[in-house]
Amino acid sequence: MEQRINYQEIAPKSLKGMYEIEKYVANSQLEESLVQLVKLRASQINGCAYCIDMHTKDARQAGESEQRLYTLSVWQESPFYTDKERAALRWTEALTKISENDVSDELYESVRKHFAETELTALTMAIIAINGWNRLAISFRNIPGSYKPELSK
């Protein structure tokens, strides 16, 4: 597989908004491990190998266990996630597959029990961002395995 376009080099200004969203999420009240689980789960759903590689590495760096990473794709049947994480994962799946379903009032209320309005906004922005990044990486064939986590995280 060969990368089609290195959009980060040829159009860095096009990514400014995406980076602003990432900065907003990083400065929110959300736990880094939760954000990484959400990004990884959306990337699994979308089939983005580059982002799965990236967010698995970042999740490990944020202290995530191998067991939870291995079972994330079947989180509903795994006892390793908190109620708050389960709510975030349900929200992630609903928003990532939004063309296939309705984001119901029942889902919203169940998620809202675990997140303040500012947190739910940040969580939603994280999901919006990762879905955008997935579409960029898949379309332009970012090469999985090349990502190196920052040491300062």
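Contact here means heavy atoms within 4.5 Å. This is a predicted model, in which local features need pLDDT of at least 70, side-chain atom pairs count only at pLDDT 80 or more, and totals for chains, interfaces and linings use all residues. Residues are numbered from 1 along each chain as its sequence is written, and side-chain values use heavy atoms, with hydrogens and water left out.

**View 1. Surroundings of F115.** Not counting residues up to four places away in sequence, F115 touches L30, L34, K84, A87, A88, L120 and L123.

**View 2. The largest nonpolar core.** A nonpolar core is a set of buried Ala, Val, Leu, Ile, Met, Phe, Trp, Tyr and Cys residues joined through side-chain atoms within 4.5 Å; buried means under 20% relative accessible area (1.4 Å probe, protein chains only). The largest core has 32 residues, and W91, F115, L123 and W133 have the most contacts inside it. Two or more residues come from each of helix 2 (16-26), helix 3, helix 4 (49-61), helix 6 (83-96), helix 7 (105-112) and helix 8. Helices are DSSP runs (H or I, at least four residues), numbered from the N terminus. Helix 8 gives the most, with 9 residues.

**View 3. A second core.** This separate core of 8 residues includes L37, L40, L69 and L89.

**View 4. S43 in helix 3.** Helix 3 covers residues 32-46. S43 is buried, with a relative accessible area of 0%. Leaving aside neighbours within four places in sequence, S43 is in contact with C48, C51, I52, H55, I130 and N134.

**View 5. Helix 8 and the residue R141.** The 23 residues of helix 8 (residues 117-139) should span 33 Å, which agrees with the 33 Å between its end C-alpha atoms. The expected span is 1.5 Å times one less than the number of residues. Just after helix 8, R141 takes a positive phi of about 55°.

Methods: Buried < 20%, exposed > 50% of the residue type's maximum accessible area, 1.4 Å probe, protein only.
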